[in-house]
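Reader: I have a model to go through before I set anything up. Can you walk me through it?

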Amino acid sequence: MERMSTLDAGFYFAEHANVPMHLGALTVFDGPPPSYQELAALYAAKLPRVPRYRQVVRTAPLQMFRPVWVDDEHFEIGYHLRHAAVPKPGRPPQLHRLAGQIYAQPLARSRPLWEAWLLEDIEAGRWAILSKMHHCMVDGIGGADLMSELFDLDPDAGPPAEPAPWQPQPAPSLAGALAGGIRDAVTWPLHAVAGVPGLMRQRLSALDDLTAFTRGVTTSARRLTVPSASCLNGPIGPGRRWAWATASLNSVKQIRAEFGGTVNDVLLAAITRGFRDVLIERRELSDGLIVRSLVPISIRCADEQGAITNRLSAVLANLPVAESDPIRRLRLVSDQMDHIKRTHQAAGAELLTQMLGAAPPTLLGVATRAAFQVPQPLVQTVTTNVPGPQFPLYILGRKMVEAHPFVPIGDNVKIAIAIFTYLGQVSFGITGDSSAAPDLDILVRGIRRGLAELQSRPATARRASASRRAPAHRGTVRRAS
């Protein structure tokens, strides 16, 4: 029996009928599709590598204790591996629509919290696997690690070995569960509070780091006063629309080399252009307006690869949609993200999560649901970037040629974007509430346009832009020269 971490439990408690909290990916393969039986045999052989895939969540009445993971004594692969055909002609619009319908369905809480769908009849003779994993199981980085575990690195790996018989561990008795819950309720808050000084020493090890963090908090607070595009907020329903935009990773790196910043800065600048186009189409764009994004940041260490849990912090970033010049827009994004990193702002969310571990699980559950369900105009979107493997993956000898990520949306946030890189391709997976469907097509085209306009700028444009530094944008901090 293993108890959830504070962050894992938060994602579990946040889910309700209109907010299924699963992550996912659509992975597309070349070659003839395997049979359902072949794929089921493969998953059965690989499941011992990820024990969480055969475990269920158990909770206490009134959420008195943190949820626990226990083996599913009635596990059957057929409940989790599904099969469907993409409607003809099997092109991206039909694939988007079918995937959106599947992603809209919550995972059954009485079973292990994952599904995989074999999708056939995709154009050009391709097929796909659509995966769903609850956010309480894993974050994006961990999900990419799991992908490497479940797939093969060798096209000639051969059929999977017959799995060894699996014997589930019996669930704890009522008395044992109660004793363990009481013990955890006493020791976990003490552990959480005692861990705060060590975490501060780890993240803010020098006095200069602490000073920079304190100054950064002040600047971050000022950024929250910048008017944001609250027209993008609103209530959501159970329906989902999902689409993607793709780009060459080499092209993105060329833009970074030409204009500075990081690959992530370039991607955020392209997303900024996408939201700019949405607001122009809605006639809601005004001077100084921004779209505020929650940007999750992995705090996973090298020795935590493959850990089945969430290892995340987050920061808030203002996307300067009011800026018309693409180079200045990129510079504003880059300067802001550089300041956030230099002032260690991600440590703030991590420390807050650590301290929340001292809260009773009942209060944590109520607070999490309130945070996700109370209307707020502060955050308009989520943008998360997960670097995937840059080496080919295979299933039963078939090469994976594309990977498109899915990220959930929360109450009052109608659109979220996940970025995933695989084999030199960047994919922007865009999740939207059904009411935001018209915006998704505009956003996809805008992201492509945002990258294309940076690629088309000659080298002289960078020098001209650098010679007349962009004026300070409200709520942003320029890089120190």
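Author: Helices (H or I, at least four residues) and strands (E, at least two) are DSSP runs, numbered from the N terminus. The protein has 13 helices and 17 strands. This is a predicted model: local features need pLDDT of at least 70, side-chain atom pairs count only at pLDDT 80 or more, and totals for chains, interfaces and linings use all residues. Residues are numbered from 1 along each chain as its sequence is written, and side-chain values use heavy atoms, with hydrogens and water left out.

Reader: What order do the six strands of the open sheet take?

Author: The order is β5-β6-β7-β2-β14-β13, with mixed pairing; two strands pair if DSSP finds at least two bridges between them. β5 (81–85) and β13 (394–395) are the edge strands, each pairing on one side only.

Reader: Which helix packs on it?

Author: Helix α2 (residues 36–46) does, touching β5, β6, β7, β13 and β14 (398–406). Contact means heavy atoms within 4.5 Å.

Reader: In which sense do β6 and β7 pair?

Author: Strands β6 (residues 114–122) and β7 (residues 126–134) are antiparallel, over seven bridges. A116 sits opposite S131 in β7.

Reader: Different topic. How much of the protein is buried?

Author: Buried residues (under 20% relative accessible area, 1.4 Å probe, protein chains only) are 53% of the 481 residues.

Reader: And contacts at least 6 apart in sequence: what share join residues at least 24 apart?

Author: That share is 80%.

Methods: Axes are lines fitted to C-alpha atoms, for helices over the stretch in contact, and angles run from 0 to 180 degrees between N-to-C directions. Buried means under 20% relative accessible area, exposed over 50%, partly exposed in between (1.4 Å probe, protein chains only).
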